[in-house]
Amino acid sequence: MHADLDEIRDSFGFFDAWEERYRFIIDLGKSLPSLPEADRTEDRLVRGCQSLVWLVPSFDAGARTLRLDIDSDAHIVRGLIAIVLAAYNDRTPEQILAFDMEGLFADLDLLAHLSSTRGNGLRAMVARIRQEAEERLAA
Amino acid sequence: MNRPSSTTAAVADIARLRADFPLIQGRDDVVYLDNAATTQKPRAVLDAVRAYYETTNANVHRGVHQLSDAATDAFEGARARVARRINAAAPSEIVWTRGTTEAINLVARSYGGSVLRPGDRVLVTELEHHSNIVPWQMACERAGATLAAAAVTPEGALDLDDFEAQLGRGDVRIAAFGHVSNALGTVHPVADLVALARAAGATTLVDGAQAMAHYPVDVRALDCDFYAFSGHKMYAPTGIGVLYGREALLEAMPPWQGGGEMIEEVTIEATTYAGLPFRFEAGTPNIAGAIGLAAAIDYLEALDPRAVGGHEGELLHRATAGLQQVEGVRIVGTAPDKGPLVSFLMDGAHPHDLGTLLDRQGIAVRTGHHCAMPLMQRLGIPGTVRASFALYNSTADVERLVAGVQKARSFL
């Protein structure tokens with residue numbers, strides 16, 4: 001079950017203290033489905049992340065939507081993945097490419113609270129998904 | 001490091017030292033425990049660098065004018081200061097570099113390049129920083145030699161039997177090892193390792209990056225051939241480091257970078273090289289950095305090393321004991337002799353999770369593999385959280401670390 005983007009936006013609106021934001025992000029991460037060990041392979045690693053992030057894309061040709069299964073060995077990163085997936089998962093390539101992810105990060109005030117190296121990892125994940133969407137469009 | 005009992009007077013003196021470090025004084029929102037990465041700078045160092053630029057700045061060695069003479073005197077005075085600090089036989093055995101990494105690269109390229117032959121081995125240890133692995137891999141590749149690593153024990157100490165066994169094969173040409181492990185804090189019995197390596201006919205290089213801020217180092221007592229360290233990990237500026245080399249070895253080594261400063265005479269056909277140590281210092285050096293490093297040495301030498309050692313040992317002891325009280329925390333690296341550095345893990349948490357939650361609480365630690373990926377692979381862990389201490393850290397800093405880890409645990 002994936003998190004709902006509107007609920008995430010609403011929840012972030014209520015947070016005052018960093019503790020609340022981080023508990024929420026970590027809890028989102030805990031509810032993110034894990035990838036089976038067999039899918040956690042070297043070739044599925046997203047480059048540019050400090051912790052390990054695996055991405056398994058699949059395409060539903062009927063609905064023309066991208067299915068993304070992403071996992072990490074770190075809780076906070078899993079929470080960030082859950083937020084990204086709330087925006088991207090089961091969307092068409094056109095919807096993915098049209099979505100303003102930097103805008104979402106700004107709305108949630110996410111990047112300000114991430115170190116630049118972790119922010120870069122998040123951007124690397126987003127770039128990897130957009131690349132996947134572009135390849136589907138070109139196919 | 002053994003833990004001498006620190007007297008109340010010594011601790012009070014140490015507390016006063018915090019005032020010498022503008023960043024530590026000015027940023028009381030940050031508990032800075034990433035000292036193994038780089039230390040903060042005392043005002044004496046900042047003043048020395050500033051005074052140099054304000055009163056003495058000129059290029060060294062070549063000028064006929066007064067400012068150049070004064071800059072050269074200050075620069076060469078700094079070299080002599082370093083030589084005295086580590087008990088080198090002469091200032092000409094001190095080569096300025098950008099840091100430990102460049103010093104090791106210099107030896108691997110110049111010395112390694114001239115002595116390594118196919119079939120030779122270079123021996124490092126599994127505890128090394130990448131800086132003391134990769135340059136040797138490159139040198140071995142060029143020469144057709146092989147890189148070997150002596151094993152680490154599960155406690156994070158060097159396996160001395162394996163080290164001896166590796167040397168016993170008789171083909172080790174160069175043995176390069178750290179003085180203090182940057183990842184786990186383990187202090188190696190460096191003098192013993194040097195003696196074993198020398199007996200086996202190997203030339204020795206010691207990576208002293210993590211030792212110089214905490215211990216008085218005497219290169220002649222250690223009897224090593226090369227000793228490399230960085231200024232910025234011992235309260236001096238970034239971008240200045242030192243290669244100590246035994247004169248007879250340096251004398252026989254070819255230059256590795258060409259340019260100004262390192263020559264005696266240049267024609268289009270050929271160049272004769274300058275003597276030691278200038279042959280290894282192509283280009284305008286980091287003059288202000290060298291002067292800053294000399295000021296950092298002056299600062300350290302004005303302190304009672306036993307009081308500093310006792311204080312830092314006390315911080316390590318309290319941090320270790322405090323962290324062990326937190327449920328699910330495991331200390332990584334439990335060798336009996338450790339520098340003021342503690343690496344740890346928490347069950348069910350990635351080091352980055354812990355590092356991020358500590359950062360949100362204003363506690364600066366290092367997380368990850370600490371540029372020691374072979375060590376992490378050997379220990380079977382993705383990395384650790386590392387808290388490393390300097391003389392300006394307080395027992396209150398340690399308490400905040402332990403409380404911060406407790407709090408992080410409640411999130412995970």
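**View 1. Phe177(B) stands opposite Val206(B) in β6(B).** The model shown here and in the other views is predicted. Strand β5 (residues 172-178) of chain B pairs with strand β6 (residues 203-207) of chain B. The sense is parallel, and five bridges join the two. Helix α8 (residues 190-199) of chain B packs on the sheet, where it touches β5 and β6 of chain B. The direction of helix α8 makes about 160° with that of β6(B).

**View 2. Seven strands of chain B form an open sheet.** The order is β2-β8-β7-β6-β5-β3-β4. The pairing is mixed. β2 and β4 (146-150) of chain B stand at the edges. Each has a single partner strand, so one side of each is left without a neighbour in the sheet. From one strand to the next, the twist averages 20°.

**View 3. Strand β2 (residues 94-97) of chain B is covered on both faces.** Side chains in a regular strand alternate between the two faces of the sheet. Here, Ile94(B) and Trp96(B) lie on one side. Val95(B) and Thr97(B) lie on the other. All four residues are buried. The partner of β2(B) is strand β8 (residues 241-245) of chain B, joined to β2(B) by four bridges. These two strands run antiparallel. Within β8(B), Gly241(B) is the bridge partner of Thr97(B).

**View 4. Chain B is divided into two domains that touch.** Domain 1 covers 8-32 + 304-411, and domain 2 covers 47-301. Their C-alpha centres lie 28 Å apart. Domain 1 of chain B brings 20 residues to the contact, and domain 2 of chain B brings 22 residues. On the domain 1 side, α12 (305-324), β12 (341-346) and α14 (373-379) of chain B each supply at least two residues. That side of domain 1 has eleven nonpolar, five polar and four charged residues.

**View 5. Chain B meets chain A.** Twelve residues of chain B are in contact with eleven residues of chain A. Which helix of chain B gives the most to the side that touches chain A? Helix α13 (residues 351-360) does, with six residues. The side of chain B that touches chain A divides by class into five nonpolar, four polar and three charged residues.

Definitions and conventions:
Residues are numbered from 1 along each chain as its sequence is written. Chains are lettered from A and ligands numbered from 1 in the order in which they are written. This is a predicted model: local features need pLDDT of at least 70, side-chain atom pairs count only at pLDDT 80 or more; totals for chains, interfaces and linings use all residues. Domain bounds come from an automatic or database domain assignment. Two residues are in contact if their C-beta atoms, placed from the backbone, lie within 7 Å. Ala, Val, Leu, Ile, Met, Phe, Trp, Tyr, Cys and Pro count as nonpolar, Asp, Glu, Lys and Arg as charged, and the others, Gly among them, as polar. A residue is buried if 20 or more other C-beta atoms lie within 10 Å of its own, exposed if 12 or fewer, and partly exposed in between; C-beta atoms are placed from the backbone. Two strands pair if DSSP finds at least two bridges between them. Axes are lines fitted to C-alpha atoms, for helices over the stretch in contact, and angles run from 0 to 180 degrees between N-to-C directions.
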